[in-house]
Amino acid sequence: MRLGKYLSSMTKPELEEIRENLNLTDEEEVVFVQLSKGRNKTCIADNCMISTSTVDNRIKAITNKLNRLR
């Protein structure tokens, strides 16, 4: 399952627990929150004023941390 779809399907308490356990950087946390709201890469890039490749890199970092958590 894609990360955005996975996060947007979770409840607020579940998201909060995951967010606390992942030890995200400030930049990763911004992308995490946007993904959990169902936003796509382009929208996140526009909102954060970063490139879509930077969003991709942050999504990969979040995914790696999430996989280690499981």
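Contact here means heavy atoms within 4.5 Å. In this predicted model, what covers the buried residues of helix H3 includes H1, H2, H4 and H5. The buried residues in question are Glu-28, Val-31, Phe-32, Gln-34, Leu-35 and Ser-36, and H3 itself spans residues 26-36.

**The core around H3**

The largest nonpolar core has 16 residues, of which Leu-3, Leu-7, Leu-22, Val-31, Phe-32, Leu-35 and Ile-62 touch the most other members. Helices H1 (3-8), H2 (12-22), H3, H4 (41-48) and H5 (52-69) each supply at least two residues of this core, and H5 gives the most, with four residues. Leu-7 illustrates the packing: leaving aside residues up to four places away in sequence, Leu-7 touches Leu-15, Phe-32, Leu-35 and Ser-36.

Glu-28 lies in H3, while Lys-65 is placed in helix H5. Glu-28 has a relative accessible area of 8% and therefore counts as buried, since the cut-off for that class is under 20%. Lys-65, at 19% relative accessibility, also counts as buried because its value falls under that cut-off of 20%.

| Residue | Relative accessible area | Residues touched |
|---|---|---|
| Glu-28 | 8% | Arg-58, Ala-61, Ile-62 and Lys-65 |
| Lys-65 | 19% | Leu-22, Asn-23, Leu-24, Thr-25 and Glu-28 |

**The end of H3 and the largest pocket**

H3 is followed by Gly-38, whose phi is positive, near 85 degrees. Gly-38 also belongs to the lining of the largest pocket, together with Arg-2, Leu-3, Gly-4, Lys-5, Ser-8, Leu-35, Arg-39, Asn-40, Lys-41, Asp-56 and Ile-59. About 230 Å³ of space lies in this pocket. H1 and H5 each supply at least two residues of its lining, with H1 giving the most, four residues. By class, the lining has three nonpolar, four polar and five charged residues.

Technical notes:
Residues numbered from 1 in each chain as written. Predicted model: local features only at pLDDT ≥ 70, side-chain atom pairs only at ≥ 80, totals over all residues. Heavy atoms only, no water. Buried < 20%, exposed > 50% of the residue type's maximum accessible area, 1.4 Å probe, protein only. Core = buried A, V, L, I, M, F, W, Y, C linked by side-chain atoms within 4.5 Å. 1 Å grid on protein atoms, 1.4 Å probe; cavity = no way out; pocket = protein on both sides within 12 Å on 5 of 7 lines; lining within 4 Å. Points joined across faces, edges and corners; volume = space filled by probe spheres on them. Nonpolar A, V, L, I, M, F, W, Y, C, P; charged D, E, K, R; others polar.
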